[in-house]
Amino acid sequence: MSTEFGELEQTDVAVIGAGPAGAVAAALLARAGKSVLVLERQHFPRFSIGESLLPQSMAYLEEAGMLQAVVEAGFQYKNGASFVHGEKASSYDFRDKHSEGWGTTYQVERAVFDQLLIRRAADQGVQVRFGHTVRSMRTGHEPALEVEDEKGNAYRVAARFVLDASGFGRVLPRLLGLETPSHMPARAALFSHVQDALPAGSTDRDKICVAVHPERRDVWYWMIPLAGGRTSVGCVAEAAFLDVPETQREAKLRELIRAEPTIGRLLGDAPFLMPVNRIAGYSTNVERLHGPGFALLGNAGEFLDPVFSSGVTIALRSAHLAAQTLLRQLGGERVDWAADYDAPLRKGIDTFRAFVERWYTGELQDIIFYAQQTPKIRRMISAILAGYAWDETNPYVADPVRRLTALYEVCSGEPT
Ligand code: FAD
């Protein structure tokens with residue numbers, strides 16, 4: 001077909017963004033015989049934050065034909081999460097958990113990981129164009145995207161369906177006015193990578209370490225050992241607490257690292273390997289995760305908070321669920337995107353939301369550091385920390401708010 005932009009290309013599915021959500025959705029659809037075109041505005045490898053995966057995500061990588069490549073890539077193995085606050089410490093081993101499924105995963109440099117996933121998608125028949133930016137979309141039963149390449153050439157792609165996996169680019173929420181305020185307060189993160197030189201045995205490299213600031217329970221740090229003696233370190237707080245001029249970011253993060261006893265002891269003098277970054281106001285939401293001819297995946301939909309490393313897992317879960325729903329639709333079935341995609345995806349997001357909200361009030365910290373926790377309850381909490389936030393056999397998934405409120409009463413010794 002000819003248009004003012006030249007030939008109108010046709011594809012079954014157009015995917016905006018080649019991050020984890022886009023790559024996994026594209027691969028699943030291509031494996032089912034659909035023609036898929038991924039449009040990515042950047043060139044890979046490119047830096048991205050979000051380096052600590054959860055074991056639940058392994059099942060989606062496996063189904064998308066990516067697991068072996070991930071296993072062979074030499075990423076840092078991960079089997080749990082440890083939490084510290086001053087003298088208090090609590091460690092969760094994800095292999096000991098309520099839900100069935102993977103108990104281990106990896107801590108990854110996202111530049112390498114994301115490139116590997118999109119390459120595996122391309123190996124399986126997905127067409128990928130880097131340096132191509134999606135500018136606008138016509139919605140409806142015959143959606144079409146307007147795309148611009150790096151030379152400024154515009155062209156259009158007609159698709160039977162569009163998946164928006166544009167992350168914080170949030171292409172369709174912005175173009176279609178779907179954004180709604182997130183109920184999470186505006187927080188920020190200061191972060192970098194350091195050369196860690198950690199002596200063997202000084203810390204458990206197989207776990208992310210989450211440390212609470214000695215004086216402020218709403219301020220926390222991550223320490224994520226990566227392969228090759230590199231560690232990702234960051235601090236999260238209300239945006240104003242980390243609001244320093246760009247030239248002072250490095251000094252601020254250094255001061256914060258040294259203020260926390262565990263991370264300060266391990267990384268207090270470790271040299272930064274890249275400029276200290278700041279990202280703020282990252283919590284996002286949308287009124288719905290679908291519309292005529294499109295669905296929103298990963299961060300293009302809702303993003304809560306980094307504290308439980310749930311972002312990539314939610315992105316891959318959304319990719320899997322959207323691909324399943326779309327394959328049924330393309331096969332001629334009538335599907336209800338609200339009931340088949342939006343509601344089931346939000347179920348797990350709501351589980352994480354209950355945990356995140358109680359982390360910042362301090363209630364979940366009391367639960368996590370409670371020394372007399374029963375093994376059964378620890379396994380249920382461990383399952384959610386491992387990403388199994390959709391397994392309704394876990395009471396903390398089936399009814400997270402009521403269960404956490406009751407558990408906090410036990411752990412704090414105070415009725416709420
Ligand atoms: P992305 O990975 O962001 O990919 C989106 C892609 O779309 C990008 O490559 C972008 O270039 C492309 N794009 C954007 N606009 C356009 C356009 N107009 N046209 C074409 N392409 C476009 N998650 C974890 O799982 N573990 C963690 O430890 C973790 N830590 C975090 C720490 C912080 C401080 C923050 C803010 C987040 C963290 N996350 C973490 C969340 C994680 O970063 C995201 O959830 C995850 O990257 C989302 O993946 P995605 O595929 O949805 O989007």
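**Entry 1: Asp204 and Lys207**

I started with Asp204, which makes a salt bridge to Lys207 with 2.9 Å between the closest N and O atoms. This is a predicted model, so I read each distance as a computed one.

**Entry 2: Asp196 and Arg205**

Next I looked up Asp196, and found its salt bridge with Arg205, again with the closest N and O atoms 2.9 Å apart. Arg205 is partly exposed, with a relative accessible area of 21%; the cut-off for buried is under 20%.

**Entry 3: Arg160 and Asp12**

I then turned to Arg160, whose side chain meets that of Asp12 in a salt bridge, at 3.4 Å from N to O. Arg160 sits in strand β12 (residues 154-164) and Asp12 in strand β3 (residues 9-16), so this pair ties together parts that lie 148 residues apart in sequence. Asp12 is buried at 16% relative accessibility, and Arg160 is partly exposed at 41%.

**Entry 4: the wider tally**

How many salt bridges are there? I noted a count of 24. I also marked a network of salt bridges that links Glu302, Asp342, Arg346, Asp350 and Arg353.

On to the ligand. I listed 36 residues around it, and Glu40, Gln42, Ile49, Ser52 and Val312 come nearest. For Glu40, a side-chain N or O atom is 2.6 Å from a ligand oxygen. Ser52 uses its backbone instead: one of its backbone N or O atoms lies 2.8 Å from a nitrogen atom of the ligand. I also found a polar backbone atom of Gly311 at 3.5 Å from a ligand oxygen. As for cover, the ligand taken alone exposes 1,000 Å², and the protein buries 96% of that.

**Entry 5: what makes up the shell**

Which elements give two or more residues to the shell around the ligand? I wrote down α1 (20-31), β4 (36-40), β10 (133-138) and α8 (311-330). Helix α8 has the largest share, with three residues. Sorted by class, the shell holds 17 nonpolar, 14 polar and five charged residues.

**Entry 6: where the ligand sits**

Domain 1 (2-76 + 107-181 + 283-347) and domain 2 (187-280) both contribute residues to the shell, so the ligand lies between them.

Key:
Residues numbered from 1 in each chain as written. Predicted model: local features only at pLDDT ≥ 70, side-chain atom pairs only at ≥ 80, totals over all residues. Heavy atoms only, no water. Near = heavy atom within 4 Å. Polar contact = N/O pair within 3.5 Å; in protein donor to acceptor, adjacent residues only side chain to side chain. Areas by Shrake-Rupley, 256 points an atom, 1.4 Å probe, with all protein chains shown as cover. Helix = DSSP H or I, 4+ residues; strand = E, 2+ residues; numbered from the N terminus. Nonpolar A, V, L, I, M, F, W, Y, C, P; charged D, E, K, R; others polar. Domains from an automatic or database assignment. Salt bridge = Lys/Arg side-chain N within 4 Å of Asp/Glu carboxyl O. Buried < 20%, exposed > 50% of the residue type's maximum accessible area, 1.4 Å probe, protein only.
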